Amino acid sequence: MLIGCTESRISDDPSLRLSFEKDTVCFDTVFTGVGSATKQVMIYNRNKSALCIEKICQDGTNDYFHINVDGENQLSNIHKLTINGGDSMYIFIRVSINPFKQNAPVVEDNLHFLINDHVQTMHLEAIGQDVQLIKTKKRLTTCNSAHFNANKPYLIYDTIAVQGQLTFDAGARLYFHDKAVLYAYGSVSSNGDLAHPVTMQGDRIDRLFDSVPYSYVAGMWGGVFLIMPPDAATAPTYQFNYTEIRSANVGLYCYCERTTDLPQLQLTNSLIHNHAVYGLVLQNVDAEVANSEISNAAAYCVYLAGGKQRFIHNTIASYFNNTNVRIQSVPREDAAAVYINNLSKNNAETQASFVNCIVDGVRNNNFVVATPLPQYYPFEIKGNYLKADSLQVLGAKDNIYRKKDDTTSVFVNNYYKYKEYKYYNFRLDSLSPARGIGDSLSALAYPIDRLGHSRINQRPDAGCYQYR
């Protein structure tokens, strides 16, 4: 009856050891002056006999790592802590890094456990990143103009409302706290380049699971809203080049109330990815969108309602939450990847053209043109690869339509497998049916793809990525 049972008798055998869940506890980049999320680490006694931890101590050379053991956060108060045979306990660890340290210092410490005159050690390490903090008691910052540079990342706790010019330099990095939103009521210039994109994402840069960074979780912040005031004397212009907007509720939402003298958007070489509602919304906005990936929104990746829009060489992929582990807080809606709304009398006429694009997704019909008389909708839709019903509109020609039962791989990877560390990759598969189907004349306007690869001297592929 007693065979295999554990003992509460404390052993003084110096050969017995504790087992650590991790011998080294690594923290992802920690913003200085803010602190990390708390990590919990399991300590196991896999022996039959109980063991007594006589003392737990750190090296004592810094105060970066804050330890809590069994509810006690002062290690000097811990003496003779017993772990029964076959039992375990949690240790909770948090990091805080002095904001006056230089950018990205590596900070380290060791946590020592003294058991039967033998010391076992757990190593702790983290990287600190100094930031420019935007935070007020009201959680709202308003300004006449704003200029974000690349000197240090911005940690944005507040909703920001910019009345006038908003500028982002190449390499600017913005991390938004939960529910923070960026509103722009004037013109916007985001000047990223291939090597130094402008990036916007949530401020959780730790991990949900070991293989799931929080940057993979949608809805971590509010999003970017471009609003033209109805009484504006002149229409604003919005220019985004090499700009990445990730994991918000809405990626880029552009809205104008009036139906004439509309704002102008140019979105090129950019990425709008993994949003809990919409990717790109254009309502009464004239736009050119080119060489950009707009992917994985829970509802529409692209929603158009009013204005003249030209989409050329874009990859629009709707595979939100296409994974074997649920990491999103919202389900995927039964919504087309692209929805063109030309029915509302409150908006200007929607004049949307799509050339050399990929529109694909989980849904069978991912390209919807809602217009009173589709057979007379004249706007150019050609050279595209579409997972959609064959378009019965006047302007549709020379498109490839993916059949419902076609299992050919369009992309390198249209799903997320967290155990295999395989994240979405919407570049073209070697056998992709979107290869070489683009209209060559139209491609001359954008001879270089989003990653800097040439489309010249070869038949252009559909989408923003030329196969390499």
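Which residue in E34 is the bridge partner of tyrosine 303? This is a predicted model, and in it the partner is tyrosine 339. The two strands involved are E31 and E34, the latter covering residues 338-341. They run parallel to each other and are joined by three bridges.

Now look at the other neighbour of E31. Strand E28 spans residues 278-283. E28 also pairs with E31 in the parallel sense, here over four bridges. In general, strands of a sheet pair through backbone hydrogen bonds, either parallel or antiparallel.

Stay with E31 and turn to its side chains. The strand runs from residue 302 to 305. Val302 and Leu304 point one way. Tyr303 and Ala305 point the other way. Are these four residues buried or exposed? All are buried. Most residues other than glycine have a negative phi. Asparagine 269 has a positive one, near 55°. Asparagine 269 sits in the loop between strand E26 (264-268) and strand E27 (271-275). Its relative accessible area is 12%, which counts as buried because the cut-off is under 20%. Asparagine 296 also has a positive phi, near 60°. Asparagine 296 lies within a strand, E30, residues 293-297. Asparagine 296 is buried too, at 0% relative accessibility.

Lysine 39 stands opposite isoleucine 93 in E7.

Finally, consider the cysteines. How many disulfides are there? The count is zero. For cysteine 143, the nearest cysteine sulfur belongs to cysteine 254, 18 Å away. For cysteine 464, the nearest is that of cysteine 357, at 9.2 Å. Cysteine 464 is in no disulfide, because a disulfide needs two cysteine sulfur atoms within 2.5 Å. Cysteine 464 is also buried, at 0% relative accessibility.

Technical notes:
Residues numbered from 1 in each chain as written. Predicted model: local features only at pLDDT ≥ 70, side-chain atom pairs only at ≥ 80, totals over all residues. Heavy atoms only, no water. Buried < 20%, exposed > 50% of the residue type's maximum accessible area, 1.4 Å probe, protein only. Pairing = 2+ DSSP bridges.
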